[in-house]
Each structure stands twice: as structure tokens, then as C-alpha cells.
Amino acid sequence: MRQTKRKRGTSPVLEEPKEVTEGAEQDRKSITKHKKHKAVKANPREKKPQEEYKCWLMKSEPETRIEKGLDMKFGIEDLMAQPSQTACWDGVRNYQARNFMRAMKIGQQAFFYHSNCKEPGIAGIVQIVKESYVDHTQFDPKNPHYDASSSQDNPKWSMVDVQFVRKLKRYIPLAELKKLHLNDKSSGGPLRNIALFTRARLSVQPLTQEEFDFILKLEDQKDI
DNA sequence: GCCAACGTTGGC
DNA sequence: GCCAACGTTGGC
């Protein structure tokens, strides 16, 4: 009933009083650096801060997996079955992933990635139809992603709404992307730095325009 | 502020 | 089901 997607994040873990632990990059830069002009060192993993991402990849689990009594299954077919083929991307409990969602703008596109399943890979494309707002599931004790350390006054977690755009002409398996990535690492090709492999476990990640376009072209090529 | 223990992600 | 990678916690 709930549109309980399977968005991945890391453990919220109870009462962790200080706002912003890790990764709240944005927030952190603004508040933590009253020190000196230590110059807001950008998180090195976060590429150039000035370069704004416009393309994304979002992971979801297409196969049934029960967590706290709820099925986390939410594949691209499930998104297509939603009213208006739209769903909120709740349940992200990782600061980096959250911050990327907060940076998303209406109309931007994301790959819909199938994780934790028989054949992981990119299944389709979605677009952002509502920019970040409070993820209500953090306040629901029944929800697998309930976060007791978050308060209504000062919510920790956000989500966006995504709408189905289309499936890719062919499913692009992780294994294929990995081969390309490995090649590109030595040759300096387009997928040399793709977050999928350089930032393991991040459930919401940015892609450069080059990465996004390159992957899109793969759908017209032969499977390998 | 360091870092070992712990928990989760997610490919294989 | 295993386990590597890695974020988070908490003792010191």
C-alpha cells in the first residue's frame, strides 16, 4: 500500500543527536566553517562543487525482499503501475545520497537502476517531477526506514518525486558497464570515473552529461 | 580527533 | 549465503 520503494541508504541509527553527521556537505560547509577561511574544502569525492550535476542514477530493488515485514520490491514495472507513473523516492538514509536528491531539479533525468537482484543493471529513465521535500517515512515507527533521531521540527531526510519516462531499448547490465569502466580507466574513456564503481553503495548518484549520453548510446548497440 | 567495532549495501 | 567496501558509532 505504501509506495515503499527500496531506496538504499545507510543505517540511520537511533539517537544521533548532532544534526548532520557525515556527508551533509552542503550544510556543513555553511555552518562548520566559522573557523577560518580554511576555505570550505569541497569533499574530494564530490567532484567540483561548481559543476552542477544534471543527470542521476537511482537504485531500487526489483525483487521481493522483506524488511520489517514490508516488501521492499520496487522495480521499474512497479513505478509504471503507479498513478501517473509517479512515486516518491522515500527511504534514503544516507547523507550523500540525500544531498544529491536535494540538488535535483524538476525535469532532470535519472537512470532507474535495478540493484540487489539476479541481474543488476539500468532498466530505464525517470524524470524529477517534484523537488526535494520532507520524507514522511522517517517519522513512522512502522516503516523500515523510521528514524527515531529525526524530529518534525528538524527533519533529517528528504525525498523527491520521480515519474517514469521510458524503459531503455535494452536492459544494460552492470557487468557490461563494468567492463566498459575498466577499459575506460586505462584508456581515459567516458566511464572512467562513473560513480557506480567509484562510489560503491551510494544509492543516489550523479552522472556527468558525458557519462549519461554515453550510456544512452549503448542501448542502440548490440548486447555483449 | 582517532580508530576499532559494528552494521549495511549489494555484487557475486 | 558470503563477504568486501565503507559509512557510522562510540570509547578513549
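Me: Which hand is the crossing where H4 passes H6?
Reply: Right-handed, i.e. the near helix is turned clockwise from the far one by less than a right angle. This is a predicted model, where local features need pLDDT of at least 70, side-chain atom pairs count only at pLDDT 80 or more, and totals for chains, interfaces and linings use all residues. Residues are numbered from 1 along each chain as written, and side-chain values use heavy atoms, without hydrogens or water.

Me: Which residues make the contact?
Reply: Glu-176, Leu-177 and Leu-180 from H4, with Phe-214, Ile-215 and Leu-218 from H6; contact means heavy atoms within 4.5 Å.

Me: And what angle do H4 and H6 pack at?
Reply: About 125°, with the axes 12 Å apart.

Me: Switching topic: is Arg-98 buried or exposed?
Reply: Arg-98 is buried, at 2% relative accessible area; buried means under 20%, exposed over 50%, with a 1.4 Å probe and protein chains only.

Me: What does the side chain of Arg-98 reach?
Reply: The backbone oxygen of Lys-156, at 2.9 Å.

Me: Where does Arg-98 lie, then?
Reply: In helix H3, residues 95-102. H3 is mostly covered, with 7 of its 8 residues buried, including Tyr-95, Phe-100 and Met-101.

Me: What goes on at the start of H3?
Reply: There, Asn-94 has a side-chain oxygen that comes within 3.0 Å of the backbone nitrogen of Gln-96.

Terms used. Chains are lettered from A and ligands numbered from 1 in the order in which they are written. Axes are lines fitted to C-alpha atoms, for helices over the stretch in contact, and angles run from 0 to 180 degrees between N-to-C directions. Helices (H or I, at least four residues) and strands (E, at least two) are DSSP runs, numbered from the N terminus. A polar contact is a pair of N or O atoms within 3.5 Å; within protein, one must be able to donate a hydrogen and the other to accept it, and residues adjacent in sequence count only if both atoms are side-chain atoms.
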